[in-house]
Amino acid sequence: MVREWDPRTASPAELASLLDTLNAVLAADLPQDPPWRGTHLREYLSEVMPGERRISWVAQADPAAGGAPGPILGHVHVLLLGDIGVLEVLVHPSVRRTGLGRDLARVAARRVYQEGFQSIGVEVVGGTPAVAFYEALGFSREYVETRSVLDLSGVDWSALAEMATGVGAGYRVQFCPGGPPDDLIEAYARAKAEVRDVDDGELRPSSYDPQRLRDSLATLHRRGMKPYIVLATHDRTGEVAGLTEVVVPAQHPTRADQYDTIVVQEHRGYGIDRAIKARMLLELRSAEPTLTEVQTWNAQANEAMLKVNAELGYRPDREWCEYGVDVAELVHRLGG
Ligand SMILES: CC(C)(COP(=O)(O)OP(=O)(O)OC[C@H]1O[C@@H](n2cnc3c(N)ncnc32)[C@H](O)[C@@H]1OP(=O)(O)O)[C@@H](O)C(=O)NCCC(=O)NCCS
């Protein structure tokens, strides 16, 4: 049975059952990824940025003989943001290829259509059944990134310490756990705005004005995701010349996510990219002693960044694709 579901009021048993399904999905599709924990899972599933809405449904098995609720075997949510609905469908490996994924996609697509949105986007991990699933539903591939993973046990820490100091004269590098200091928020947002069309990070959340940046940091904290930032400021102008952001989610705290790394155009060529990323890893080593890996996503064309990541020890892992579809077409195809 598929029903609308609100994670804010869901019972602890439902959240635990959903977590079991998520981990069964990871074990089947991405066995190298760390399993998720239930820490802040409710907040992770319910908190959104101002102006955004997330609507969720679950597929629950029939009650067992004694009347206990059946397990949650499927989940779909759609995040309505701007002019697009971002979809995520999960089906427990034990009940795949029975049409449940299609049912979940249908209920979400109908709602997105009723809400007046025109397109749906979805992140699809290369080499998993999701590729054939979304292609069968008429989605087309719009953008491809490569996910790479750095195993911290293989890092040469003394080489890294050297890299961290290899920044040209006239720049100051600082570590900002929790987010950029308030007096640098505006300069930080300017740096992000300047390169938004140039660099990677298409699929990662990104904020370009000070208020949105503050909202985005507050949302991360509420969702149990701890942001760490290293930034390089230009001594003469006080501008933010470069920044790198890593988030440690309470749900998988041994593997951190690299968000944006940006070096503003006029400050390129001074070793900032390498130095801030190296400094970040050194700081994380003491700030997050249980961390064992960091994952990052890069556009395949972004050769400069891929080169620095390779020097740091990142190894390419998976294709990470963005697919899209016209909502009306999807509803029609699914029999809406
Ligand atoms: C993608 C997913 C939702 C599909 O769920 P499902 O219930 O198996 O999908 P359905 O049974 O509704 O399949 C619908 C159609 O998709 C296609 N399809 C689905 N899985 C497929 C596979 N493994 N190979 C080929 N085609 C497939 C088929 O055309 C299928 O129709 P058919 O069975 O009549 O041939 C499920 O595999 C899943 O949860 N994957 C993980 C998704 C994810 O987000 N993971 C993130 C972390 S890895």
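## Close-up views of a predicted model

A backbone N or O atom of T98 lies 3.3 Å from an oxygen atom of the ligand. Please keep in mind, as you go through these views, that the model is predicted.

View 1. How much of the ligand does the protein bury? On its own the ligand exposes 930 Å², and the protein buries 77% of that area.

**View 2. F133 and Y134 form an edge-to-face aromatic pair.** A search of the whole structure turns up six aromatic pairs. In the one shown here, the rings of F133 and Y134 are 4.9 Å apart, centre to centre, with 75 degrees between their planes. Are these two residues buried or exposed? F133 has 22% relative accessibility, so F133 counts as partly exposed. Y134 counts as buried because its relative accessibility is 4%. Ring pairs also bring in F139, giving a cluster of F133, Y134 and F139.

**View 3. W297 and W320 form an edge-to-face pair.** Their ring centres are 5.7 Å apart and their planes make an angle of 75 degrees. Where in the chain do the partners W297 and W320 sit? W297 belongs to strand β11 (residues 293–299) and W320 to strand β12 (residues 315–326), so that the pair links distant parts of the chain, 23 residues apart. W297 is buried because its relative accessibility is 7%. W320, at 8% relative accessibility, therefore counts as buried.

**View 4. The charged end of R223 sits over the ring of Y44.** What separates the charged end of R223 from the centre of the Y44 ring? The distance is 4.3 Å.

**View 5. L152 and T292 are separated in sequence by 140 residues.** L152 is found in the loop between β6 (140–151) and α5 (157–165). With a relative accessible area of 11%, L152 is buried. How far apart in space are L152 and T292? From C-alpha to C-alpha, L152 and T292 are 5.3 Å apart.

**View 6. V263 is a buried residue of strand β10.** The strand covers residues 255–263. V263 counts as buried because its relative accessibility is 9%. How far is V263 from V25, in sequence and in space? V263 and V25 are 238 residues apart in sequence, and their C-alpha atoms are 36 Å apart in space.

Notes. Residues are numbered from 1 along each chain as its sequence is written. This is a predicted model: local features need pLDDT of at least 70, side-chain atom pairs count only at pLDDT 80 or more; totals for chains, interfaces and linings use all residues. Side-chain values use heavy atoms; hydrogens and water are left out. Rings of Phe, Tyr and Trp (its six-membered ring) pair if their centres lie within 6.5 Å; planes under 30 degrees apart count as stacked, over 60 as edge-to-face and the rest as tilted. Buried means under 20% relative accessible area, exposed over 50%, partly exposed in between (1.4 Å probe, protein chains only). Helices (H or I, at least four residues) and strands (E, at least two) are DSSP runs, numbered from the N terminus. A charge sits over a ring if NZ of Lys or CZ of Arg is within 6 Å of the ring centre and within 35 degrees of the ring normal. A polar contact is a pair of N or O atoms within 3.5 Å; within protein, one must be able to donate a hydrogen and the other to accept it, and residues adjacent in sequence count only if both atoms are side-chain atoms. Accessible areas come from the Shrake-Rupley method with a 1.4 Å probe; for residues, only the protein chains shown count as cover.
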